[in-house]
Amino acid sequence: MKLSRRSLLATTAAVAATTAATTTPAAAAPPGGGRRLRTGFERLAADGYALLDGQKVGVVTNPTGITRDARHIVDVMHADTRVNVTAVFGPEHGFRGTAQAGGSEGRYDDPATGLPVYDTYLKSGQPLADVFTASGVDTVVFDIQDVGARFYTYIWTLYDCMDAARLAGKRFVVLDRPNPVSGRSAEGPVLHKEFATFVGRQPISQAHGMTVAELALLFNGEFLTAPVPLETVRTTGWRRTEFHDDSGLPWVPPSPNMPTPDTALVYSGTCLFEGTNLSEGRGTTRPFELLGAEGLDGRWAAAANELALPGVRFREAYFAPTFSKFQGRTVGGVQIHVHDRAAYDPVRTGIALLVTAKRAWSGFAWRADNWIDKLTGSTWVRTAIDSGAGVDEVVAGWQEELAAFRRVRQEYLLYR
């Protein structure tokens, strides 16, 4: 039987409705040391949704907006008389997550709850403010799992929704979740404003090392033309050095090509291969961990391993993507194996792989539209590598701007 997108949504939502029988998140065993992590939503619910009392609430979310027992927060809130959810706003890939990269689910009524679902993808400014106005909500709530990279679009959905809520005169509430790749530090080049797109609206570093609540505070304090009425509900029991598996929370792929926390760990570096003619592993079971192209062989893995990058090794790999670049054709390349994630630097590793790929394969090319400049935030990485610069020289080129961003970032951090 062939399912349409609408049929799939109905099926998914029906299952969600069946599991939403209770109204508050279930308890779970605490992480090591007796600490129990509680997400922003868990704390909001435990407080009886007092922060949203008397408000018509619209929720910006996707499949990652779940409780620790894997129920969706919209289903939970809709079943609870203490809170009045009247609308849902879906980002790229959609509220229920049925759309591929570069797509969304459009406007529809959610079969499980009957709530109107509005599409935010590629909307910003006054057009998005008009969506919030038409929905009739008083408060916009944001709860989406980020993965810590500037070019992952959900943080710019956050930014655009904050700006639109400001224009529409709405309150904005961010329910925080841990950064799954830790919040230890900011790394990588900082965006130059002339390269602003939906994969980078404002000058933050490529790996920002922040949570969505911290980013919301940063956006409100530094980048919006005027602040939106903003409240954040912090996560408790999370430390900046911790990764996703320390949280005790289930992993839901935030997008179709982000299947595991391992993907998120490498993504802020290897997504740069979207700006080249190499496959970034889309169409495989290990996107962003497998990289390759026709004509590449074991010399690339050998060259990358010679650099002795901290925390990572590279395996000669061959694969045939089922979609995207090189669909159905066997390509050669590398698989990334992170063996010490505390020592691993994903951005430096991504640069090292670009440098060695260009040297190991005469067919290496940037995408004709110089998409790499949008991903890195300037022309520096592309032009430096083209001029023959090594890894250290490329990385040195953004250190001054990164240091300045780190100083600003420090003012908005919520966790130790």
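Serine 247 counts as buried because its relative accessibility is 3%. Buried means under 20% relative accessible area, with a 1.4 Å probe and protein chains only.

A word on the source. This is a predicted model, with residues numbered from 1 along each chain as its sequence is written. Local features need pLDDT of at least 70, side-chain atom pairs count only at pLDDT 80 or more, totals for chains, interfaces and linings use all residues, and side-chain values use heavy atoms, leaving out hydrogens and water.

Back to serine 247. It sits in the loop between β9 (230-233) and α7 (261-270). Helices here are DSSP runs of H or I, at least four residues; strands are runs of E, at least two. The side chain of serine 247 reaches the backbone oxygen of histidine 244 at 2.7 Å. That side chain also reaches the backbone nitrogen of leucine 249, at 3.1 Å.

Next, glycine 125. Which helix holds glycine 125? Helix α4, residues 125-135. Glycine 125 has 18% relative accessibility, so it counts as buried. Aspartate 163 is 38 residues away from glycine 125 in sequence, yet 6.5 Å away in space, C-alpha to C-alpha.

Now the sheet. It is open, with three strands in the order β10-β12-β11, and the pairing is antiparallel. Two strands pair if DSSP finds at least two bridges between them. At the edges are β10 (290-293) and β11 (312-319), each pairing on one side only. β10 pairs with β12 (residues 331-338) over four bridges. Glycine 292 has glycine 333 in β12 as its bridge partner.

Key: Buried means under 20% relative accessible area, exposed over 50%, partly exposed in between (1.4 Å probe, protein chains only). A polar contact is a pair of N or O atoms within 3.5 Å; within protein, one must be able to donate a hydrogen and the other to accept it, and residues adjacent in sequence count only if both atoms are side-chain atoms.
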